[in-house]
Amino acid sequence: MKKFYFSVLAGMAIGIAALCNLTSGGIIGAALFAFALSAIVCCKWILFTGKAGFAGNPREFADLLVILFYNAIGVALAVLLSNSIGVLEGNATRIVDLRKAAGLMIIMPSILTGLIMTVSVKCAREGQWLPLVLGIPTFVMCGFPHCVADIAYYCVARDIPWVAWLLSVAGNFIGCNLPTLLRFSKATQE
């Protein structure tokens, strides 16, 4: 029950941040996005991209799919509660169209999002908040896909490009695990 509750809350925080981004856009929308991850780290809520780079065994990897599902529920709930679907639909549609136009290459910027997320969370857990405060707006301003935040855009636009979304999930997961893979690779070379 705790996993469900904390994962849904994390999804709601990301949903609210995505709505802020749709409403304000630009640097303001991106900066406000950092609030969501700050709240998630401080409150120890559970976010797919906040956990993916720290999973260490097969059970934790399997749990990531459950967390992603619960995060999606939270995002959808935030969008529904905001009653912003009609108002923000044009902005969301532009983002969704970009995701679809990227085709298979969407995985590349998704990897960068995952990398930024893991570095941001790791630093914040160690009391160094600057990478989070700067990292989150960085991937938002670059337009990199975040598999949880994108759910808000898909809900508002009423258009779910499943292939693009699944590729962004895979890319985020790979990016989240790049620091671990690089450390492992370096250790085996020594």
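Me: Which helix gives the most to the lining of the second largest pocket?
Reply: That is α5, with 5 residues. Note that this is a predicted model.

Me: What volume does the second largest pocket have?
Reply: About 280 Å³. It is lined by 17 residues, and those closest to its centre are Asn-21, Ile-95, Val-140, Gly-143 and Tyr-153.

Me: Which elements each supply at least two residues of that lining?
Reply: α1 (2-24), α5 (85-102), α7 and α8 (149-157).

Me: And how do the lining residues of the second largest pocket divide by class?
Reply: There are 9 nonpolar, 5 polar and 3 charged residues.

Me: OK, the largest pocket now. How much space lies in it?
Reply: About 390 Å³. Its lining has 18 residues, and Trp-45, Ile-46, Gly-50, Lys-51 and Arg-125 are the ones nearest the centre.

Me: Which elements give two or more residues there?
Reply: α2, α3 (48-51), α4 (58-82) and α6 (107-125). Of the elements, α4 gives the most to the lining of the largest pocket, with 4 residues.

Me: How many charged residues are in the lining of the largest pocket?
Reply: 6, alongside 11 nonpolar and 1 polar.

Me: Switching to packing. At what angle do α2 and α7 pack?
Reply: About 130 degrees, for α2 at residues 26-43 and α7 at residues 130-142. Their axes are 8 Å apart. The angle therefore makes α2 oblique to α7.

Me: Is the crossing of α2 and α7 left-handed or right-handed?
Reply: The α2 and α7 crossing is right-handed.

Me: Which residues meet there?
Reply: From α2, the contact takes in Gly-26, Ile-27, Ala-30, Ala-31, Phe-33, Ala-34, Leu-37, Ser-38 and Val-41. On the α7 side they meet Leu-132, Val-133, Ile-136, Pro-137, Val-140 and Met-141. By class, the contact of α2 with α7 has 13 nonpolar residues, 2 polar ones and no charged ones.

Me: What about α4 and α8, how far apart are their axes?
Reply: 9 Å, with a packing angle of about 45 degrees. α4 is therefore oblique to α8. The crossing of α4 and α8 is right-handed.

Me: Which residues make that contact?
Reply: Ala-72, Val-75, Ala-76 and Val-79 come from α4, and Ile-151, Ala-152, Cys-155 and Val-156 from α8. The contact of α4 with α8 has 8 nonpolar residues, with no polar and no charged ones.

Me: Last topic, cavities. How many are there of 30 Å³ or more?
Reply: The count comes to 1 cavity. The largest cavity has a volume of about 40 Å³.

Me: What lines the largest cavity?
Reply: Ile-14, Phe-33, Leu-37, Leu-47, Met-117, Ile-136, Phe-139 and His-146. Both α2 and α7 supply at least two residues each to the lining of the largest cavity.

Note on methods. Residues are numbered from 1 along each chain as its sequence is written. This is a predicted model: local features need pLDDT of at least 70, side-chain atom pairs count only at pLDDT 80 or more; totals for chains, interfaces and linings use all residues. Side-chain values use heavy atoms; hydrogens and water are left out. Axes are lines fitted to C-alpha atoms, for helices over the stretch in contact, and angles run from 0 to 180 degrees between N-to-C directions. Angles under 35 degrees count as roughly parallel, over 145 as roughly antiparallel, 65 to 115 as roughly perpendicular and the rest as oblique. A crossing is left-handed if the near helix is turned anticlockwise from the far one by less than a right angle, and right-handed if clockwise. Contact means heavy atoms within 4.5 Å. Ala, Val, Leu, Ile, Met, Phe, Trp, Tyr, Cys and Pro count as nonpolar, Asp, Glu, Lys and Arg as charged, and the others, Gly among them, as polar. On a 1 Å grid over the protein atoms alone, a cavity is a set of points where a 1.4 Å probe fits but cannot get out, and a pocket is an open set with protein on both sides within 12 Å along at least five of seven lines; lining residues have an atom within 4 Å of a point. Grid points are joined across faces, edges and corners, and a volume is the space filled by probe spheres set on the points.
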